[in-house]
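Here is a short tour of one protein model, written for someone who is new to reading structures.

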Amino acid sequence: MNAPTRTLNADPALPRHDWTLDEVEALFETPFMELVFRAAEVHRRWFDPSELQLSQLLSIKTGGCAENCGYCSQSQHFKTATQASKLMDAQTVLDAAAQAKAGGAQRFCMGAAWRDLKDRDLPKVAAMISGVKAMGLETCATLGMLTPNQAVALKTAGLDYYNHNLDTGPDYYDKVVTTRTYQDRLDTLAAVRDAGMSTCCGGIVGMGETRRDRAGLLHQLGTLPSHPESLPINDLMPIPGTPLGNSTPVDGLEFVRMIAAARLVCPKSMVRIAAGREHMSPELQALCFLAGANSIFIGGRLLTTDNPDQDEDAALLADLKMRPMGSKAAVTA
Ligand code: SAM
Ligand code: DTB
Ligand code: SF4
């Protein structure tokens, strides 16, 4: 007798690591209302759907990056309007973190336009991390590739999360970047996990990829040894001068499908609407929250591009009667 189908009666809210690519792709083909409803049900099993996790970014080292990621304003391979600058001093970073905390941020994420972290920069970055941690903020950094020893050093300094995106499915990856491999990314993610840090890992939609490529990204995330604790979905911010600067935008409903599929593949992850909220209506964002997104970046700036202002987000949360994760009070605009 054939073995029963693995997932026939399984609880869809329980995390699985045996997703097949076809199964993930099938989620995208599910009728929209059914997909969103199923994702909303799973969302409610693990999270309060009125709560949002709030992170804030700071570019601590901007531009001049050796990698050639086709979407990025900070690659030295492309002529963009972004001005390169040196690594910030620790006090400037701590001042920005204090402001972010005062503005309601729960996690502070420090981003550097590096291919990989150099040991010579580690002491300065470690001082920033321990200073931010001492303010009572969750800490996150995104500094390019890490060795296992560097991952341990960052954890020791107080780093809670490391962001390292797979960006797209493995079959589309070399259309977007050729200076590193998918396996390089997976190796750094393994070093981060082995050091005991939480992973923040997701990708970008709107780079000319197919649904199967989007499914390919989620399939990779869903079959990792542990699902990323944070799962950012970026809607491409087209940067003039980059190879992807003239990409056709992905329509809003397709972005919602990506959010819903991410929620279903990684039920317990914080799914973040990362880049791209700047050009999303309140209605589209609300639909994303319904479909299982429960994290956003706040503050008027991402790394080199704009994000909705604090007032705009306060109004959105107040309108939707949503509140920061872990707090009792609703936000009033
Ligand atoms: N250099 C590090 C790295 O690549 O891991 C950290 C910084 S990098 C800017 C972090 C992530 O931001 C990228 O992996 C990508 O997913 C996202 N990103 C960068 N530029 C973007 C853009 N123009 N639109 C949307 N997402 C973008
Ligand atoms: C992530 O997935 N998105 C953030 C954060 N992790 C580091 C970065 C978005 C960058 C958007 C383009 C820019 O501002 O340069
Ligand atoms: Fe460099 Fe990161 Fe931009 Fe790629 S995404 S060019 S690694 S800063």
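Let us begin with some strands: β1 (51-61), β2 (107-112), β3 (138-142) and β7 (230-235) each give at least two residues to the lining of the largest cavity. Keep in mind as you read that this is a predicted model.

How many residues line the largest cavity? The lining is made of 43 residues, and those nearest the centre are Tyr71, Cys72, Gln74, Asn165 and Leu303. Sorted by class, this lining has 22 nonpolar, 13 polar and 8 charged residues. The space inside the largest cavity comes to about 850 Å³, and the structure holds 1 cavity of 30 Å³ or more. If you wonder how such spaces are found, rolling a probe the size of a water molecule over the atoms shows where empty space is left.

Now for the pockets. The largest pocket holds about 300 Å³ of space. Its lining has 14 residues, with Arg16, Trp19, Glu23, Leu27 and Arg38 nearest the centre. Which element gives the most to this lining? That is helix α1, with 3 residues. In terms of class, the lining of the largest pocket counts 8 nonpolar, 2 polar and 4 charged residues.

The second largest pocket has a volume of about 220 Å³. Gln56, Gln99, Ala100, Gly299 and Gly300 lie nearest its centre, and they belong to a lining of 13 residues. Two or more residues of this lining come from each of β1 and α3 (90-102). Here the classes are 6 nonpolar, 6 polar and 1 charged.

## Helix α2 meets helix α9

Next, the helices. Two packed helices are described by the angle between their axes and the distance between the axes. For helix α2 (residues 32-46) and helix α9 (residues 252-265), the axes come within 9 Å and cross at roughly 40 degrees. The two helices α2 and α9 are therefore oblique to each other, and their crossing is left-handed.

Which residues of α2 and α9 meet? On the α2 side they are Phe32, Leu35, Val36, Arg38, Ala39, Val42 and His43. Their partners in α9 are Leu253, Val256, Arg257, Ala260, Arg263 and Leu264. By class, the residues of this contact are 9 nonpolar, 1 polar and 3 charged.

## Helix α1 meets helix α9

Helix α9 also packs with helix α1 (residues 21-29): their axes come within 9 Å and cross at roughly 140 degrees. That angle makes α1 oblique to α9. Is the crossing of α1 and α9 left-handed or right-handed? The crossing is right-handed.

From α1, the contact uses Val24, Leu27 and Phe28, and from α9 it uses Glu254, Arg257, Met258, Ala261, Leu264 and Val265. These residues divide into 7 nonpolar, no polar and 2 charged.

Key:
Residues numbered from 1 in each chain as written. Chains lettered and ligands numbered in written order. Predicted model: local features only at pLDDT ≥ 70, side-chain atom pairs only at ≥ 80, totals over all residues. Heavy atoms only, no water. 1 Å grid on protein atoms, 1.4 Å probe; cavity = no way out; pocket = protein on both sides within 12 Å on 5 of 7 lines; lining within 4 Å. Points joined across faces, edges and corners; volume = space filled by probe spheres on them. Helix = DSSP H or I, 4+ residues; strand = E, 2+ residues; numbered from the N terminus. Nonpolar A, V, L, I, M, F, W, Y, C, P; charged D, E, K, R; others polar. Axes fitted to C-alpha atoms, helices over the stretch in contact; angles between N-to-C directions. Parallel < 35°, antiparallel > 145°, perpendicular 65-115°, else oblique. Left-handed = near helix turned anticlockwise from the far one by under 90°. Contact = heavy atoms within 4.5 Å.
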